[in-house]
Amino acid sequence: MIERVIEPRRRDLGGFEVARLLPAPGRRMVGPFVFLDRMGPARFAAGLPSTTDVRPHPHIGLSTLTYLFEGEIMHRDSVGSEQPIRPGEVNWMTAGRGITHSERFERARREGGPMDGLQAWVALPTQDEETDPAFSHYAAAELPQLSDGGVRRRLIAGEAYGARSPVRTHSPLFYVYSELEAGARETLPDGFAERAAYVIEGEVEAHGSRFAAGQLLVLAKGADAVLEARSPARLMLLGGEPVGERFLEWNFVSSSRERIEQAKADWRAGRMKLPDLDDREYIPLPD
């Protein structure tokens, strides 16, 4: 049932740790999901240095999906958006032919507090890679809530369990937050070519093997996918239909290496507009 277990690779971003799950050696994508980072868990003291913020930077060819368990992040982008995201809400940003944005921990800087969440990048289908950039925010109350015995789910994006999220996506996928009581069993959505489950908290078992918090479980194609909670557990379920090979360099995703080189040149030359409300600094193109 479990094809691969991906262990997190941790990075310190100046007092704030993230765990990289995708891309991973031997597994670049799961369905259209080309990137998955766990942000935290962390607890910030008031007066957090501004160097912890993610300064304005560019993207092409993808949609970003930010979902928080704790804390708050302020998003600003080059299509004029300014939107804090809080636990249970969705910030969905489509880069398409090009967008820039920043992510700042302004509330934590003022007040201190926890920070924990996931950021995913979803590769756009080839025909949509150059679509107009856009941003949408969805309140927690807009997302379908699904209960099944000792399992409580929030359908963040896509379709699963007979429900559909209002989040506008470009290809078939699912992204589901699931809370399990001890002994409860979670069955992953079927009908998708590629599926995975990230263990946020607790411990789950499948076919006699146990898996711990922090691991990303990539399921074998066509397998009956049932995970049993050995303790109270939280999962993020994700997957969908592949969109084809994608190249990823820095913040750029594309089916074309040449398009990535063009995006790099555009950023280096200052041809990509900075966020309307955050245009005084930016992250330079890495060497």
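1. Two strands are taken to pair if DSSP finds at least two bridges between them; strands themselves are DSSP runs (E, at least two residues), numbered from the N terminus. On this basis, strand β2 (residues 9–12) and β3 run antiparallel and are joined by four bridges. Within this pairing, arginine 11 has valine 18 of β3 as its bridge partner.

2. The model is predicted: local features need pLDDT of at least 70, side-chain atom pairs count only at pLDDT 80 or more, and totals for chains, interfaces and linings use all residues. Residues are numbered from 1 along each chain as its sequence is written, and side-chain values use heavy atoms, with hydrogens and water left out.

3. Strand β3 also pairs with strand β4 (residues 33–44), in the antiparallel sense and over four bridges. Here valine 18 has methionine 39 of β4 as its bridge partner.

4. A separate point concerns the open sheet of four strands, whose order is β5-β10-β7-β8 with antiparallel pairing. Because β5 (54–59) and β8 (82–85) are edge strands with a single partner each, one side of each has no neighbour in the sheet. On average, neighbouring strands of this sheet are turned by 25° against each other, direction ignored; the axes are lines fitted to C-alpha atoms.

5. Inside this sheet, four bridges connect strand β7 (residues 73–77) with strand β10 (residues 99–104), in the antiparallel sense. Methionine 74 has arginine 104 of β10 as its bridge partner.

Note on methods. Axes are lines fitted to C-alpha atoms, for helices over the stretch in contact, and angles run from 0 to 180 degrees between N-to-C directions.
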